[in-house]
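Please examine the sequence and the three-dimensional structure shown below. The report that accompanies them is arranged by topic.

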Amino acid sequence: QVQLVESGGGLVQPGGSLRLSCTASGSIFRLYAMAWYRQAPGKQRELVAGISSSRNTNYADSVKGRFTISRDNAKNSVYLQMNSLKPEDTAVYYCYAQHKMSTMAPLNDYWGQGTQVTVSS
């Protein structure tokens, strides 16, 4: 089993910055794609940013130019640097990772417990 633990959420004023971190632990063989999703009250969970094992990235249009996703494969970690935050960025942010127990094993999906980000003055 793989566990994902997020940190770095909190309350920030509009225009401010936060950096989210997520570290995978447990019986890790190889992590593949990793990503950050978010879910605001009354809305569906949406992809914020994703990064492949070769560090190709993709972003939601709403965060392009403001958020940056990165990963440290040696630390089994993924990060989300969030700048120029807006009130509409308020949501619970979830870490996501794809993992294989061995080369021939199927991909499994894992989620963190979520961390609250609130952007408000």
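## Basis of the report

The structure is a predicted model, in which local features need pLDDT of at least 70 and side-chain atom pairs count only at pLDDT 80 or more, while totals for chains, interfaces and linings use all residues. Residues are numbered from 1 along each chain as its sequence is written, and side-chain values use heavy atoms, with hydrogens and water left out.

## The nonpolar core

A nonpolar core is a set of buried Ala, Val, Leu, Ile, Met, Phe, Trp, Tyr and Cys residues joined through side-chain atoms within 4.5 Å. Buried means under 20% relative accessible area, exposed means over 50%, and partly exposed lies in between (1.4 Å probe, protein chains only). The largest such core in this model contains 29 residues, and W36, L80, M82 and Y93 have the most contacts inside it. At least two core residues come from each of the strands β1 (2-7), β3 (18-26), β4 (30-39), β5 (46-51), β7 (67-72), β8 (77-82), β9 (91-100) and β11 (115-119). Strands (E, at least two residues) are DSSP runs, numbered from the N terminus.

Contact means heavy atoms within 4.5 Å. When neighbours within four places in sequence are left aside, the residues in contact with Y93 include W36, L80 and M82. Among the other contacts of Y93 are E6, R38, F67 and V117.

## Strand pairs and hairpins

Two strands pair if DSSP finds at least two bridges between them. Strands β4 and β5 pair in the antiparallel sense over 5 bridges, and Y37 has L47 of β5 as its bridge partner. The hairpin of β4 and β5 has 6 residues between the strands, and G42 takes a positive phi near 80° there.

Strand β5 also pairs in the antiparallel sense with β6 (residues 57-59), over 3 bridges. Here G50 stands opposite N58 of β6. The hairpin of β5 and β6 has 5 residues between the strands, and in this hairpin R55 takes a positive phi near 75°.

## Aromatic rings and charges

Rings of Phe, Tyr and Trp (its six-membered ring) pair if their centres lie within 6.5 Å; planes under 30 degrees apart count as stacked, over 60 as edge-to-face and the rest as tilted. The whole structure holds 3 aromatic pairs. One of them is the edge-to-face pair of Y37 and W111, with 4.9 Å from centre to centre and 65° between the planes. This pair links distant parts of the chain, since Y37 is in β4 and W111 is in β10 (residues 108-111), 74 residues apart.

Residue W111 is partly exposed, at 38% relative accessibility. The ring centres of Y96 and W111 are 5.0 Å apart and their planes are at 55°, so this pair is tilted. Residue Y96 is buried, with a relative accessible area of 10%. A charge sits over a ring if NZ of Lys or CZ of Arg is within 6 Å of the ring centre and within 35 degrees of the ring normal. The charged end of R45 sits over the ring of W111, 4.7 Å from its centre.

## The disulfide

A disulfide is identified as a pair of cysteine sulfur atoms within 2.5 Å. The structure holds 1 disulfide, formed by C22 and C95, whose sulfur atoms are 2.0 Å apart. It links distant parts of the chain: C22 is in β3 and C95 is in β9, 73 residues apart. The torsion about the S-S bond of C22 and C95 is about -80°, so the disulfide is left-handed. Both C22 and C95 are buried.

Methods:
Helix = DSSP H or I, 4+ residues; strand = E, 2+ residues; numbered from the N terminus.
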